[in-house]
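Here is a colleague's note to read alongside the model. Keep the picture open and look for each element as it comes up.

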Amino acid sequence: MISGAEIVIRCLQEEKVDCVFGYPGGSVLHIYDALFKQDEVKHVLVRHEQAAVHAADAYSRSSQKVGVALVTSGPGVTNTVTGIATAYMDSIPMVVLCGQVPTQYIGQDAFQECDTVGITRPCVKHNFLVKDVKDLAITIKKAFHIAATGRPGPVVVDIPKDITAQMCDFDYPKTIQMRSYNPVVKGHLGQIKKAVQVLQEAKRPIIYTGGGVILSDAADKLTQLARKLDFPVTNTLMGLGGYPATDRQFVGMLGMHGTFEANNAMHYADVILAVGARFDDRVIGNPEHFSGEKRRVIHIDIDPSSISKRVKVDVPIVGNVADVLDEMLKLLDGGFKADPEVSDWWKQIDAWRGRNSLAYRQSNHIMPQYVVEKLYEVTGGDAFITSDVGQHQMFAAQYYKFDKPRRWINSGGLGTMGVGLPYGMGVLMANPNAQVACVTGEGSIQMCIQEMSTCKQYGLPVKIINLNNGMLGMVRQWQEMFYSKRYSQSYVTSLPDFVKLAEAYGHVGMRIEKPEDVEPALRKAFTEHKDDLVFMDFIIDPGANVFPMVAAGKGLTEMILAEDL
Amino acid sequence: MRHIISILIENEAGALSRVAGLFSARGYNIESLTVAPTEDPSLSRMTILTWGSDEVLEQINKQLNKLVDVVKVVDLSEAAHVERELMLIKVRATGKDREEMKRMADIFRGRIIDVTESTYVIELTGASSKLDSFIAGLDAGLILETVRTGVCGIGRGDRILKV
């Protein structure tokens, strides 16, 4: 017999978890004691529980594994909520183990008690409160199973302290059956055949793909399919890297800050092949405007509730993206002959491309787009790029050309500022020798800046690319365009000296103020300071805005382009 | 459109709040909700009376199926079914009203299950509309208290909801 705390650690070992992000506290002391007595599961001590969950989230995004966080009861749990909600919105498989006050104290307003199951319920795929040590191992097994299968998502396991002290035999089930949970994997063959038929009839097709391609590791299959069809491909923000961005067939990201060619191709397509994407509001703009064009939609998604939620679908295919694409490729093996009019469609797309909608104005100051372009060059396009939320996030998405999946790590759904640095930590724990850059701004970075301390402790050489314009740039952009330049609370004064701050944490700091210094500074950071965390404070043009832009409530083709201003 | 959704759900603590939370978070309507364990005590059966467009109902069905504890979901109102609701109503029963209350209960095939000098408690089962008509048929001033269970329903004939 072993203690509940030891059972928790044994379960993690059985699940081949090599790294847990967490923060100790009263309710998890037994678990931390069990953790101390073994070497298989490493632990990264963060400086705030929010960062533990973000790091576990990025660990998962940048690998194929389930991320794990471990926190104490009460404030430990409430601090994780933003991270859990972030992972939930982007369907990231994650298990969050939470301490809880002893069973007999639950409901008594005990010290550091909160209703963990209640607080997290709306932002988890599922959660559990363990009430008996005999259920502990099977509950953790279920948590990993639920997190990683079907449409993935975070699962919370709430473990009262007394349970971790009680003794029990350990028996970890190899497999698990749940009568209430049987996610679909294979798509319906009849539907897939119908989809192929529709693709054959398409005159103005587009392949529109999202995070589902990344999550089901289907990027290779998608590429094969797209090459076979020779149709244009666009990715959502979450889908970047699902198709090589440097490929001729790629028309760029679509949506609110999508390219002119991607948004037009999406809008005027007569057949949309949607793969692991969900037609969300930042992607299709005004739904009435979007539905103004007649078209047929094929939608592959593992979650039936994503189908026909915002856009009516003609050929729904519920299933795992990789499995469905496999079937589709088999059907296409017999040969595919696209409609001859598709070549006219390509001419139209090339004309749209000719607008060069990502061109940006030149300036005596550093332009943020230029920094990202140089970052792409210096890292050979092969870095993991994490980002926060705002203008810098869009610049990173637009100008860093992702050719591989799981390289672009950002909070697409919830749009959580502050994720960038802890995301960098999670990526490095999963990919120890990778180049990792966190493209951020002076607003976002300060939301989790304390994690520079964690990076020091564990030697995590994140390159922080701080695009510093002294403004909450995206807020300022909206105020400039839609609020008659009333810059309400979007101006950040009293910024810290980021170079000194980085140095105070024991890292390398650089301030870059001239365009000609951008590239040399980046090269230095990635060569000379390869193994250091480098905080690169780029003082950028404060007037730079993100274009193209589809304003809120506008249609996808009603873009504001940089050249319009 | 009015719909009656029947759900088989694992009889776990918090199962009800998962369903109720889903409806509030996504802005769906709950007109009534009943829940109790089935003949298999590990399963609860829930009946939800809701309304919404076809698109909304499609989403309700899909979202309910997504809940990990939910085993099966059926829209009873899609096909032949029977539905019942139980009401207990306490009325003033004095003077000439005492006889009138008895008569009303008989007409609606209700039963008087508690009697005092001045009150009756009447038990009435039927479709919700029948309970509504009973209430409408009474002098509002004589109604002291009502309690209704909400709708429960079951498919007709071979339509069986079971694991």
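1. **Before you start.** This is a predicted model, in which local features need pLDDT of at least 70 and side-chain atom pairs count only at pLDDT 80 or more, while totals for chains, interfaces and linings use all residues. Residues are numbered from 1 along each chain as its sequence is written, chains are lettered from A and ligands numbered from 1 in the order in which they are written, and side-chain values use heavy atoms, with hydrogens and water left out.

2. **A parallel sheet in chain A.** Begin with an open sheet of six strands in chain A, ordered E3-E2-E4-E5-E7-E6 and paired in parallel. Helices (H or I, at least four residues) and strands (E, at least two) are DSSP runs, numbered from the N terminus. Two strands pair if DSSP finds at least two bridges between them. Strands of a sheet pair through backbone hydrogen bonds, either parallel or antiparallel.

3. Which strands stand at the edges? They are E3 (42–45) and E6 (126–129) of chain A; each has a single partner strand, so one side of each is left without a neighbour in the sheet. Neighbouring strands of this sheet are turned by 20 degrees against each other on average, direction ignored. Axes here are lines fitted to C-alpha atoms, for helices over the stretch in contact, and angles run from 0 to 180 degrees between N-to-C directions.

4. Strands E4 (residues 67–71) and E5 (residues 94–100) of chain A run parallel and are paired over five bridges. To find one of them, look for A:Val68, whose bridge partner in E5(A) is A:Val95.

5. **Helices across the strands.** Helix H3 (residues 49–61) of chain A lies across E2 (19–22), E4 and E5 of chain A, at about 165 degrees to E4(A). Helix H7 (residues 136–148) of chain A lies across E4, E5, E6 and E7 (154–160) of chain A, and its angle to E7(A) is about 165 degrees. Contact here means heavy atoms within 4.5 Å.

6. **Another parallel sheet.** Chain A also has an open sheet of six strands in the order E11-E10-E9-E12-E13-E14, again with parallel pairing. Strands E11 (250–253) and E14 (315–318) of chain A are its edge strands, each pairing on one side only. On average, neighbouring strands of this sheet are turned by 15 degrees against each other, direction ignored. Strands E12 (residues 271–275) and E13 (residues 296–301) of chain A run parallel and are joined by five bridges, and A:Val271 stands opposite A:Arg296 in E13(A). Helix H9 (residues 189–201) of chain A lies across E12, E13 and E14 of chain A, at about 135 degrees to E14(A).

7. **A salt bridge between chains.** Over all chains, the structure holds 45 salt bridges (a side-chain nitrogen of Lys or Arg within 4 Å of a carboxyl oxygen of Asp or Glu). One joins the side chains of B:Glu10 and A:Arg179, at 2.7 Å from N to O. This pair crosses between chains, from strand E1 (residues 2–10) of chain B to the loop between E8 (167–168) and H9 of chain A. B:Glu10 counts as buried, at 12% relative accessibility, whereas A:Arg179 is partly exposed, at 33% relative accessible area. Buried means under 20% relative accessible area, exposed over 50%, partly exposed in between (1.4 Å probe, protein chains only).

8. **Salt bridges within chain A.** The side chains of A:Asp323 and A:Lys186 meet in a salt bridge, at 3.2 Å from N to O. A:Asp323 lies in helix H15 (residues 321–332) of chain A and A:Lys186 in the loop between E8 and H9 of chain A, so the pair ties together parts that are 137 residues apart in sequence. A:Glu201 forms a salt bridge with A:Arg296, with the closest N and O atoms 2.9 Å apart. Here A:Glu201 belongs to helix H9 and A:Arg296 to strand E13 of chain A, so parts that are 95 residues apart in sequence are tied together.

9. **A strand in chain B.** Finally, look at strand E5 (residues 81–92) of chain B, which runs antiparallel to E9 (residues 152–155) of chain B and is joined to it by four bridges. E5(B) also pairs in the antiparallel sense with E7 (residues 119–126) of chain B, over eight bridges; B:Ile122 in E7(B) is the bridge partner of B:Ile89. Five bridges join E5(B) to E8 (residues 143–148) of chain B, again antiparallel, and B:Lys90 has B:Glu145 as its bridge partner in E8(B).
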